[in-house]
Amino acid sequence: MSSNLKALKPDQGREYSGGSRIFKNSLKSILSSSENLSEIKRATNSNGFNASHKHKRMALNNNMSSSFPVKKIYSSELSPVTTNNNRQKSSEVKPAKNSRNFDCKSCENTEKSYRNADRMQNSGHNTLPDYNATALCTLKSRTGFFDSHCHLDFLFNREKYHGTFSDYQAENRKAFPDSYRGCIAVFCKPWTFAKRNIWQKHLSQNNVWAAFGCHPHEAANYNDDVEEALKLALNHPKVRALGEIGLDYSGRNNCHKEVQQAVLRRQLRIARDRKMRLVIHCRDAHEDCLSILKEFLPKYLTFHLHCFTDSWTWAQKWMDAFPNVHIGITNLVTFPSAKATHEVAKRIPLNRLLLETDAPYFVPKRSPHGTKNSHPGMAIHVAAQIAALRGIDVECVLESTYRNTKNVYNI
């Protein structure tokens, strides 16, 4: 595929006066290759549009400082686009400030909404089956467990921690269970792919493996330079998957659906060419996400459907479409208001289950008072709550998910 993707302004997905016309030309800049003209036609008409000088000034004045140069082209700088030959050259515009943070508003807001729902429902009364949280750190397990999805870069940034992950474990040894075996660290901010100083120290640890991919909330910041940096990062020997990638149509994501879909397809091509495993993020977008994945993936590919929060009905549809998909459940399962997650936890076959913290998000409800961030050691709370919901021993959950994680991520 010809790589002509240019990054969009992060807030360009919002509807505002003239926004739909501006978006059409922005999408053209993303998809304008001879290979993708059919995608352009579906999302745009043939009429060109030159935005007002006001929008042009807004784009050119966006000169936030950054050490990672990313080429950007705004719709206000575009003439009518039909082919690569008549496209105007883009101006060098520095990335928007909010594209340089270490946070995921989707996860943060999801956690907050469930915590608020818990408070609204019953003033802290826990209607879930109980488990012995204090015994988890010293629990003896034949296999132990992995955290299949966490964000160590987000966690360290939140806690302003500058040491290694081994140092972090040692300093928080009372919070890391004896049965903890390691984690998959996911790097999903496009601007970090080229920043080896951010992720190399984590991958130098014996019990840390990695996945890299552009999160759907960051799709507007994906471009040729980012893709080249992503490909280089994927070459690291500790990398086990491409992700998290996917679609997020929730109200927390301002990026247009068509932009998300185009970026998802570009990354799926990389995964297909390299025969890589995937980490999929899907929020309120099941039909489109399944449809696009079916375009690229063989039916029996093994991959990780991360942080599943929807109904058992949708979980079944995913497992029917892709019999080797593994579904990740976070400590959201410990929240009394997360009824859909409880149902999935009770009914999912154990050989299709993965434990994940999505750290630093989803702090377990039964963690010590005042705990602000989750960390990979807290994945054992997911296992304990699922075991309590199913009325089985926690060791059954640990053994199954241990095998599943090793299988999915080849560790």
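Keep in mind that the model is a predicted one.

Let's start with the helices. Two packed helices are described by the angle between their axes and the distance between the axes. Here the pair is α9, covering residues 257-274, and α10, covering residues 286-296; their axes come within 10 Å and cross at roughly 35°. The crossing of α9 past α10 is right-handed. If you want to see who does the touching, look on α9 for Gln261, Leu264, Arg265, Leu268, Arg269 and Arg272, and on α10 for Asp288, Ile292, Leu293, Glu295 and Phe296. Sorted by class, that contact has five nonpolar residues, five charged ones and one polar one.

Now step off the end of α9. In the loop between α9 and β5 (278-283) you'll find Lys275. Its phi is near 55°, a positive value in a residue other than glycine. Is Lys275 buried or exposed? Its relative accessibility is 75%, over the 50% cut-off, so Lys275 counts as exposed.

Next, head to the loop between β8 and α13, where Asp358 sits. Asp358 also has a positive phi, near 55°, and is not a glycine. Asp358 has 0% relative accessibility, under the 20% cut-off, so this residue counts as buried. The peptide bond joining Ala359 and Pro360 is cis, with omega about 15°.

There's a cis bond to find in a strand, too. Glu244 belongs to β4, residues 239-248, and the peptide bond leading from Gly243 to Glu244 is cis, with omega near 10°.

How values were computed: Residues are numbered from 1 along each chain as its sequence is written. This is a predicted model: local features need pLDDT of at least 70, side-chain atom pairs count only at pLDDT 80 or more; totals for chains, interfaces and linings use all residues. Side-chain values use heavy atoms; hydrogens and water are left out. Axes are lines fitted to C-alpha atoms, for helices over the stretch in contact, and angles run from 0 to 180 degrees between N-to-C directions. Helices (H or I, at least four residues) and strands (E, at least two) are DSSP runs, numbered from the N terminus. A crossing is left-handed if the near helix is turned anticlockwise from the far one by less than a right angle, and right-handed if clockwise. Contact means heavy atoms within 4.5 Å. Ala, Val, Leu, Ile, Met, Phe, Trp, Tyr, Cys and Pro count as nonpolar, Asp, Glu, Lys and Arg as charged, and the others, Gly among them, as polar. Buried means under 20% relative accessible area, exposed over 50%, partly exposed in between (1.4 Å probe, protein chains only).
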